[in-house]
Amino acid sequence: MISSLLAQAWTAPTIDWHAIAPELVLIAGINLVLLIDLWLDESKKWAMATLTGFVMLGAVIPVVTLAVLGGDVRDAIFDGRYVVDEYALILKALFLLVGYVVVLLSQNELEEGGYYQGEFYVLMMVSVLGMVMMASSRDLLSVFVALELLSIPAYMMAAWRKRDVKSNEAGVKYYLLGVFASGVLLYGMSFLYGTTGSTKLTEIGAALSGDLTGMQVLAVVFVVAGFAFKISAVPFHTWAPDTYEGAPTPVTAFLSVASKSAGFVALLTVLYLGLYGADEVHGPFIWAMAALTMTVGNMVALRQTNIVRMLAYSSVSQGGFILMPLAVMGTGVAESSLRAVVIYLLIYAFSNLGAFAVIIAVARKTRSGEISSFGGLMSYAPGLGVLMTIFLASLAGIPPLGIWIAKLQAFKALIDAGSTSAYVLAIIAAVNTVIAAGYYMRVLRQIWMSPVPDGDTTPISPPSSIWLALGITAAGTVVLGILPGLVLRFADLPDLTGALGL
Amino acid sequence: MQTITNDTWLLTVGTFLPLVGVLLMMFVPASEEKTHKQIGILTSAVTAAVGVYTLLRFDFDQSEKLQFFVDSEWITVIKSNYTIGLDGISLPLYFLSMVVTLLVMIYTWDNMPDAGNPKSFIILMLVLQVGMAGSFIAQDLILFFVFFEVVLLPMYFMIGVWGGDDRQYASLKFFLYTMFGSALMLVAFLALFFQTGAASFSFAHLMEAGALIDRDVQIWIFAGMFVGFAVKVPMFPFHTWLPDAHTQAPTQGSVILAAILLKLGTYGFVRIAIPMLPQGAKAWAPAIGILAVIGIIYGALGCLAQTDMKRLIAFSSVAHMGFVMLGISTLTDFGINAALFGMVAHGLITGMLFFVAGSVKHRYHTLEISRLSGLLIQMPRLGWILGFAAMASLGLPGLAGFWGEFPAILSAYNPNFGLSEALFRTLMVIAAIGTVFAAAYLLWLYQRTAFGRPNPEFEQSAHHPVGAGVNDEHHDVDLHDVTKIEWIAWTPFLIAIVVFGVYPQLMFGVMDPAVSLLIERVGAGIP
């Protein structure tokens, strides 16, 4: 048997090294950090953060060169199962940038807490590698591998404060529900493969047109539900608040932005390439999930007194807005739905990370996660106060700050679809925008209008790494809000929809 | 739409100039309060000077055309452009916003609200000015929406930080109401965009293509816009945020709110909702008229029941904006002219009343009408100014208020486009009764506060020399008549009220050509 295999002439596949250079840089970086960490003296561990930051930025370089030189889509790698197109590149850049900002945010927290720095950064880079791969995956297997690659390190990162019960709870909950979700997803995928005979998404897409069999319907539902866990859509969101609250805050920032975006990217790719013909199944399913997610997320967020928990629920509800355009993708607005989701992910990342950065900066002084601990922030740290105002106002969708354009795009896709159900969803979303403003404003009210809770008005001086993170996120939030054309250009995504012949 | 592309830089500079001041102030430490006030006054003065230059350059013979027109790319992907221009409808409001900001800034010089921190306060006012001016020049729906929303946060903070005791409740109420309105409005805007073929967000295009939409669809889209603009106006039954916001806001906030922010709503009706959806407007006109008249009567009755002077003025705003909306709902040339005039007049008069209320509060530390009396004896000049503004507000002929109310009532006699005459004539009669109420509550207010002997509570401190320094101590009442700064800030208001009252043609002449064109366009869209 083996001898007969060996007898066949084997030719090495041509590999487009440039196309997979970002992944290669990350892999090299992971090994480098791992090795250096072994021999590095404990007192010099801070260097790991810097090194990881450089690796992240280093991996952006090939992304940029690919974008500039690219031109045509590179899909020759692995038989079209791993594609580097504009869609993949902009998302890779996003994940790497988010990774960089999270490194900036974690630096001091890890240093001061005496946590395992080297290991943390290695795991984070592995997770980012998974995300970067996710952006290019066009096959059920590679989607799944990327998903596990990005999730498993995240389970451990959530439990990083290992002597803290809450952190352990966060890790365990995230792990158990995450694994369960993977199981559901894998089950659905096996049905898909069984009924279509392929794992390649474009081939599944071709086979799934016309009437679906019962098995296929089940498969679609399972796959979408599996991803719904990852993006913490209601009713699959129950892990999110506990995990977000218990995990170290930088990890929470990472989970609520990067990990969630990666889940959305996976969902997008699978929906657009593989399940496009099954929109009669997933359309109503996603419609209901979007409506529930934004409403339930908001209702519960209104009642939170802990700011991280509030942001956790707010990010659940934002997820509903991101899902919203996908509910109507099958009704002739595929392109604008896709654009709406990608734009939302890009801008949401800036605003949400920024809000977490302010929380980290303030918590360094107040050592509290209560919303009331923000009282009177304007009087002793006006810079942080104004920045938090910008981030929260953006999350509330107030122009001209970042997310307004994303919300506009999402509404636009719905109204473009023009069906009654789309209009109903748009009205639900409009009402939810107001409810969301209610709790964002509550934080702003503390910042601007309440007295300092304990009368301690020593100014806050965050370390320079946090300032840098704040600068990046604030610039992104403001600039993209006023000149959204800068990223809207990238969201012209003929590559993904082009595959469908739309 | 015909346009004139002269001095294309003018509107952009005039609108965004306040941001230069904001930028400067960011680099000055908050402790240098005087510097901040100086920068604030200087910036708004320069902005107002640009406004005056705009007036000079404006071609009044062609006021129906958009002038200083600019149309450059902004967000091409969603087909929204940076399209700006000014015509006879927007010019008075655009200029008013600049002047009001300048005068309020001057007033702030020695009337900083108790919470202090002029740096943030002035920065917020300047940002507010950008949003207000921008809303009046925008000729693109998305651009308009952005400017319309920019005013939201600064006003929220102004009320919430520098306001009265109940400020947090009032500010949140203001914010959520407005947010709710604008969310539905945005949905309506997008629906309009797609129903017109998703080609462009520019006003000119939407006015042409909007008229061709099916009547039923127009009615739905109009409903969405109606909620958005009616909250801002505010119309009954969306008005409940207004008394709270006005009463709690600092004087500066109340003045800006009354003079400009409320006008964004009525302006939206005239500029966007009605010309773009003529059939929707016609279908909704009776409802708007009825709600407007309910607002007139309800506002007046509300005034009669108030015990707080500032709250009374706030309720009178509901009534006055009712007259404006009645004028708009007739869809006549006459009525909309009256409404636009009424907007400016109400801005000047109610702004003035809020200034007086602020000064009364500053001196007596109370606005309880029952505790105030004898203003004319203790502070004759302030008392006379209050009387003057009250007369103007009740619509005394010869003062600006008259030309907003009287033609609006008159226009209801003959509504346009076959609207029910019986209904509108009934509304006319009720609105006319409303003016009697207006006289009643304003004169009663004046009688209670200005006439009679001064309240003994405040008697002994009246011996202080008139015009003594500003009093910052809370319980030591220091009564002094109108100060120099107050004179500087108020005189332009007083002069404008008289000038527009005596010679209303000054404004009607500018607005009428643009309004006629608008009505013509609406008429073309109604089969």
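Let me begin with the term patch, which here joins residues with over 30% relative accessible area and no salt bridge, like charges within 9 Å and nonpolar side chains (Val, Leu, Ile, Met, Phe, Trp, Tyr) within 5 Å. This is a predicted model, in which local features need pLDDT of at least 70 and side-chain atom pairs count only at pLDDT 80 or more, while totals for chains, interfaces and linings use all residues. Residues are numbered from 1 along each chain as its sequence is written, and side-chain values use heavy atoms, with hydrogens and water left out.

In chain B, Ile495, Val498, Val499, Val502, Tyr503 and Leu506 make a nonpolar surface patch of about 530 Å², the areas coming from the Shrake-Rupley method with a 1.4 Å probe and only the protein chains shown counting as cover for residues. Helix 19 of chain B, residues 484-502, gives the most to this patch, with 4 residues; helices here are DSSP runs of H or I, at least four residues, numbered from the N terminus. B:Ile495 lies in that helix and counts as partly exposed because its relative accessibility is 48%, between the limits for buried (under 20%) and exposed (over 50%).

Helix 4 of chain B, by contrast, is mostly covered, with 19 of its 20 residues buried.

Turning to the interface, 37 residues of chain A are in contact with 33 residues of chain B, contact meaning heavy atoms within 4.5 Å. Between the two chains the count of salt bridges is 0, a salt bridge being a side-chain nitrogen of Lys or Arg within 4 Å of a carboxyl oxygen of Asp or Glu.

Definitions and conventions:
Chains lettered and ligands numbered in written order. Buried < 20%, exposed > 50% of the residue type's maximum accessible area, 1.4 Å probe, protein only. Helix = DSSP H or I, 4+ residues; strand = E, 2+ residues; numbered from the N terminus.
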